[in-house]
Amino acid sequence: MLSPASRPSPELSEVRPRTAGVVTVLVALEAVALLAVAVGLIASLFSVHVLPVGGIVFATLVMAGGSLWLAAAARGTWGGRRWPRAAVLVSQAFLLIVAMSLLRVTLGWWGILIAAVPVMTILCLFAPPTTAWMHRTRDDAAR
């Protein structure tokens, strides 16, 4: 029996489906938006703020870490890796929760606008071309 590394692999298509590109762009935009929130929190330290300084620093670190996490997931999706699927799905679930809470207050249109992003991302993430492209086999075991 051949080891997985020595098995002949089928012809791999290196053409990235459009749906994978859409997922990458939307997740990258979410990473940029989260980083902008982190920068805004830092800026609030030098103006009137309602949170304690420790809370602002902690929230900034969480937002910056989330931004790095989303940027890594976008890069992994662009490269056709398998591991970003869970990260993208979890982040979209959080974004849907934010959108649903905005639908309940007077910012209803913002909620609809924000909800459109995770819905589109999830639909494109589970589209058959994206799934097939992210689950194609390669010789490297670190996919």
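These are my notebook entries on a predicted model of one protein.

**Ground rules**

I number residues from 1 along each chain as its sequence is written, and for side-chain values I use heavy atoms, leaving out hydrogens and water.

**Entry 1: overall layout**

I looked up the secondary structure and found 5 helices and 0 strands. Helices (H or I, at least four residues) and strands (E, at least two) are DSSP runs, numbered from the N terminus. From that end the order reads α-α-α-α-α.

I then checked burial: 31% of the 143 residues count as buried. Buried is under 20% relative accessible area, exposed is over 50%, and partly exposed lies in between (1.4 Å probe, protein chains only). The accessible surface is about 9,100 Å², with 76% of it belonging to carbon and sulfur atoms. These areas come from the Shrake-Rupley method with a 1.4 Å probe, and for residues only the protein chains shown count as cover.

Contact means heavy atoms within 4.5 Å. Among contacts with a separation of 6 or more, I noted that 67% join residues 24 or more positions apart.

**Entry 2: the largest nonpolar core**

A nonpolar core is a set of buried Ala, Val, Leu, Ile, Met, Phe, Trp, Tyr and Cys residues joined through side-chain atoms within 4.5 Å. The largest one here has 13 residues, and V23, V27, A73, V88 and L125 touch the most other members. At least two core residues come from each of α1 (18-44), α2 (53-78), α3 (84-103), α4 (108-125) and α5 (128-134). α1 gives the most, with 4 residues.

As background, nonpolar side chains tend to be buried together in soluble globular proteins.

Not counting residues up to four places away in sequence, V23 touches T77, V88, T121, C124 and L125.

T24 sits in helix α1. I count T24 as buried because its relative accessible area is 9%. Leaving aside neighbours within four places in sequence, T24 is in contact with A74, T77 and W78.

A71 belongs to helix α2. With a relative accessible area of 36%, A71 is partly exposed. A71 and V27 are 44 residues apart in sequence, yet 7.3 Å apart in space, C-alpha to C-alpha.

**Entry 3: α1 against α4**

The axes of α1 and α4 come within 8 Å and cross at roughly 145°. Axes are lines fitted to C-alpha atoms, for helices over the stretch in contact, and angles run from 0 to 180 degrees between N-to-C directions. I recorded the crossing of α1 and α4 as left-handed. That term applies if the near helix is turned anticlockwise from the far one by less than a right angle; clockwise gives right-handed.

α1 brings T19, V22, V23, L26, V27 and E30 to the contact, and α4 brings V117, M120, T121, C124 and L125. By class, I have 8 nonpolar, 2 polar and 1 charged residues in this contact. Ala, Val, Leu, Ile, Met, Phe, Trp, Tyr, Cys and Pro count as nonpolar, Asp, Glu, Lys and Arg as charged, and the others, Gly among them, as polar.

L95 is in helix α3. L95 is partly exposed, with a relative accessible area of 21%. Not counting residues up to four places away in sequence, L95 touches E30, I114, V117 and P118.

R81 lies in the loop between α2 and α3. I have R81 as partly exposed, at a relative accessible area of 25%. R81 and W133 are 52 residues apart along the chain, and their C-alpha atoms are separated by 8.7 Å.

Conventions. This is a predicted model: local features need pLDDT of at least 70, side-chain atom pairs count only at pLDDT 80 or more; totals for chains, interfaces and linings use all residues.
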